[in-house]
Amino acid sequence: MTLIKSINSDFVVRELDLQGNPEQIKNYSDPFEKEFQTFLAFLQPGFKIPLIDLKPIQSIISSEDYEKMSNFIQNFTLNTTLTITAPESKQDRTTLHMFIKSLHIPTIESSTSNTEIIIVIHQKIKPPKIPNSQRYLHFTLEKSALDTNSALALLIKNLPFYAKYFTIKDFTYNGIKDKRGVTSQRICVKNKDSWPYYFINAASKAQELMVGDFAFSDDFLNLNQHSGNEFEVVFRKCQISLLSELEKISKYGFSNNFGPQRFGSCSIKTDEIGASIVQNNFVKALKQIVINSVQTCKNYNNEFNNLQFDQQFDFSLQFVNSGEFVRDGGKIVKILQEKFSQSDFTNQQAREVLEICLPRNLQTFYFHAFQSKIFNFLTSKLSKTLQIDDCVQGNCGQILKVHEGNIDQFTIFDRVLPLIGFSTFKTTPEIFGNNKMLTEVNILLKEFGVELETFPSFSRNFLAPGGWRKVTNKPVGIEVQVFQHDEIMEEFYIQQRKFNKISDSDCNSLVHKNLSIIAKFRLDKSVYATELIGEVLGESYDQEKQKQLMISYGINTE
């Protein structure tokens with residue numbers, strides 16, 4: 001069986017900017033290094049203030065105050081204050097304050113109080129203001145063995161003590177990149193005096209992180225500000241016939257389903273929690289979230305997977321009550337204990353607890369997972385060729401119905417299916433209402449106890465408008481490199497890879513024990529590489545199966 005993601009460098013993901021350029025750090029330098037040097041020097045043991053020329057302000061203060069100020073600054077002692085007579089004119093007072101600010105000495109501040117200028121050297125070290133007023137700092141993050149949120153959490157943890165005011169909510173990005181892999185993407189952080197040095201210093205403390213290509217902007221980063229991703233996937237210990245499968249996909253594409261990452265790695269998938277919420281079964285949804293939260297803990301016992309659902313919840317309660325930290329589940333259990341009962345609560349009470357504990361965006365996340373599962377179900381009902389009454393996306397993005405008069409204008413790559421939501425019903429009722437998929441959607445929703453007529457208003461409550469998604473996707477520019485090697489876990493260094501067209505690949509007879517093929521290709525945003533991988537392998541990509549296979553080869557799966 002072919003190994004996928006056996007080591008981090010076997011799965012490389014580079015985000016593509018709006019012009020289609022892959023995100024790779026080109027400049028690791030700090031654009032404000034000089035401005036920050038004084039502050040950094042101040043942090044060094046035995047630092048002394050360099051000799052400062054006070055002549056620029058000599059004419060606007062008295063000779064006595066000039067002497068006081070010179071001694072005060074040169075002797076530099078924390079938690080001290082100097083008061084001098086304020087110059088009479090506002091312009092001179094401003095000049096004095098600007099001069100003190102220009103010294104770039106951390107902890108020193110000045111203010112005017114009536115007829116006096118008060119200069120303070122604070123006890124607490126305070127970095128200077130960054131000389132840039134734009135609202136956001138953008139940079140490229142390269143990481144390995146961490147998903148995006150975990151990488152940012154590590155970056156925040158490693159920030160210098162004087163920059164501990166950043167939280168995960170200050171960062172935005174185009175999407176979460178895989179944990180098991182080497183990935184690069186653009187990150188945006190609020191400019192709360194966001195000196196690039198902070199993040200350079202923090203990344204230097206972690207082998208898994210690198211940052212660079214810093215730029216300030218008044219625009220923040222959102223999910224639409226990229227054009228897709230570039231991948232390098234190693235198919236380790238494979239057959240040479242895999243090249244033929246890649247050739248087929250480059251011509252005929254693959255199913256554009258939502259991949260397993262969309263539904264989480266716990267035993268209870270996120271779409272199942274979404275289904276419980278859709279069914280108004282809040283007791284079940286609450287229990288599912290608590291159980292999943294326990295499964296993410298390091299001390300979690302795998303044997304609990306063999307328990308029945310209610311037994312798993314009881315175990316989870318004991319686990320949380322024993323003092324183990326469980327993020328979302330722990331909060332839910334605590335609120336249950338304070339307001340109701342941990343073991344006996346009504347559906348309405350469970351709903352109240354979830355409203356308190358789950359922010360609206362997380363509730364929407366579960367609902368989106370349910371929408372995604374419906375989409376995957378609908379794709380399984382489609383024929384392999386374009387049919388009359390199918391829906392397609394026109395050149396201007398409009399949704400059209402296929403009929404005898406226009407079927408020759410479209411291909412299988414134009415076919416779309418709805419992500420069921422209030423916008424899907426509202427904007428294209430004549431298309432959706434006549435589509436044969438409507439019957440399939442109705443049957444599926446009824447299995448969850450939901451009526452199609454009420455679903456649009458339900459989706460509105462979760463800010464889930466829905467939309468249309470391509471059914472088939474085709475990778476762009478597939479290239480490959482073939483390796484024959486003796487050691488199964490030989491590493492193929494990213495910098496040394498050289499790719500060719502599939503037709504130009506060296507397919508000589510196998511002379512080594514192991515054959516590996518690296519495929520390089522590009523996919524549109526929101527398209528899952530795991531679906532392409534599954535199509536190449538002839539079976540769905542199964543993370544658990546891969547994990548067990550790696551264990552059988554003695555590969556570390558952490």
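## Reading the helices, strands and loops

In this predicted model, the domain assignment divides the chain into domain 1 (21-28 + 132-226), domain 2 (39-121), domain 3 (230-253 + 476-553), domain 4 (261-266 + 287-359) and domain 5 (362-472). The centres of domain 2 and domain 5, taken over C-alpha atoms, are 68 Å apart.

User: Hi! Why is α8 called roughly perpendicular to α13?

Analyst: Let's take the angle. The axes of α8 (residues 270-278) and α13 (residues 360-379) cross at roughly 105°. Angles from 65 to 115 degrees count as roughly perpendicular, so α8 is roughly perpendicular to α13. The two axes also come within 7 Å.

User: Which residues in α8 and α13 meet?

Analyst: On the α8 side they are Thr270, Asp271, Ile273, Gly274, Ala275, Ile277 and Val278. On the α13 side you will find Phe365, Tyr366, Phe367, Ala369, Phe370 and Lys373. Sorted by class, this contact has nine nonpolar, two polar and two charged residues.

User: What makes β12 and β14 edge strands?

Analyst: Picture the order first: four strands form an open sheet, β12-β11-β13-β14, with antiparallel pairing. Both β12 (399-401) and β14 (467-470) pair on one side only, and they are the edge strands. Direction ignored, neighbouring strands of this sheet are turned by 50° against each other on average.

User: How do you know that β11 and β13 pair?

Analyst: Count the bridges. Two strands pair if there are at least two bridges between them. Strand β11 (residues 391-393) and strand β13 (residues 415-419) have two bridges, in the antiparallel sense. For Cys391, the bridge partner in β13 is Val416.

User: Where does α13 lie relative to this part of the sheet?

Analyst: Helix α13 lies across β13 and β14, and runs at about 145° to β13.

User: Now the loops. Why does Asn280 count as partly exposed?

Analyst: Buried means under 20% relative accessible area and exposed means over 50%, with partly exposed in between. Asn280 has 36% relative accessibility, so Asn280 counts as partly exposed. You can find Asn280 in the loop between α8 and α9 (282-295). Its phi is near 60°, a positive value in a residue other than glycine.

Note on methods. Residues are numbered from 1 along each chain as its sequence is written. This is a predicted model: local features need pLDDT of at least 70, side-chain atom pairs count only at pLDDT 80 or more; totals for chains, interfaces and linings use all residues. Side-chain values use heavy atoms; hydrogens and water are left out. Axes are lines fitted to C-alpha atoms, for helices over the stretch in contact, and angles run from 0 to 180 degrees between N-to-C directions. Angles under 35 degrees count as roughly parallel, over 145 as roughly antiparallel, 65 to 115 as roughly perpendicular and the rest as oblique. Contact means heavy atoms within 4.5 Å. Ala, Val, Leu, Ile, Met, Phe, Trp, Tyr, Cys and Pro count as nonpolar, Asp, Glu, Lys and Arg as charged, and the others, Gly among them, as polar. Domain bounds come from an automatic or database domain assignment. Buried means under 20% relative accessible area, exposed over 50%, partly exposed in between (1.4 Å probe, protein chains only).
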